[in-house]
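Hi there,

Here is the structure we talked about, for you to open and look through. My notes come after it.

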Amino acid sequence: MMKLLATKIKLLFSNTSLKRKILTIVLVSIFLISGVSLAGLQIVSNAYLKLLRNTIANNLSYSATTISYYLSNIETMSGLMLSDSNIQNNLADIRHSDNPRIRTEAYKNLSYTVLEYYQQYKPNFISYIESRVLDAAQAADGRPVWISDYGKDHGIFMGRLIKNIQSSNLEELGTLLVSLDLEALMDSLNKDNSMYEDPQYYI
């Protein structure tokens, strides 16, 4: 059947004029080239999309791992600060002493100690550290709690209740509040990759 069809096409082609033969060859060539070009474009497009998906997946995985690393470092720092004897003693003096000189000295020593931690852990994109009351940290009862309500304008915060570990009743001494510079952290993740000029993350 196919052989007969091929014979008929061959016979029909041989009986046509030279002009039609040339036109037929040109049209067939155009169709073949177009088909091959479209197939090649589809293959290249699929390969590019696959590469793009893999690149984005790898970037997101790296970003998630890096962010987790920095947040873990900040939690570690807060644990060290909570157990630091200088912070414990100075907060206790501020809370219990009525002597202005002792309270002033305690505030000064506390500021120096907190500044040392800030300088040591600043590469973790900490904006500032301060001690103040925070409802979320109060409710967490000493566990680190992350607050992202102000993330768009002020970054995210980690709050942690400071208790007196030297007292039997674990008296509350204050609340540690750490601000994380989220914009600087996000920028650092893709600073060497021009593919992501304006990355957007949802945390």
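Below is what was found, starting with the whole chain and then going to two places in it.

This is a predicted model, where local features need pLDDT of at least 70, side-chain atom pairs count only at pLDDT 80 or more, and totals for chains, interfaces and linings use all residues. Residues are numbered from 1 along each chain as its sequence is written, and side-chain values use heavy atoms, with hydrogens and water left out.

The protein chain has seven helices and four strands (DSSP runs of H or I, at least four residues, and of E, at least two, numbered from the N terminus). Along the sequence they follow the pattern α-α-α-α-β-α-β-α-β-β-α. Of the 203 residues, 31% are buried (under 20% relative accessible area with a 1.4 Å probe, protein chains only; exposed is over 50%, and partly exposed is in between).

Now to helix 2, residues 18-83, which holds Phe31. Phe31 counts as exposed because its relative accessibility is 62%.

What does Asp84 touch, leaving out residues up to four places away in sequence? Its contacts (heavy atoms within 4.5 Å) are Thr113 and Tyr117. Asp84 is buried but has no salt bridge (a side-chain nitrogen of Lys or Arg within 4 Å of a carboxyl oxygen of Asp or Glu). The nearest side chain of opposite charge is Arg160, 13 Å away (Lys and Arg count as positive, Asp and Glu as negative; His and the chain ends are not counted).

Best wishes
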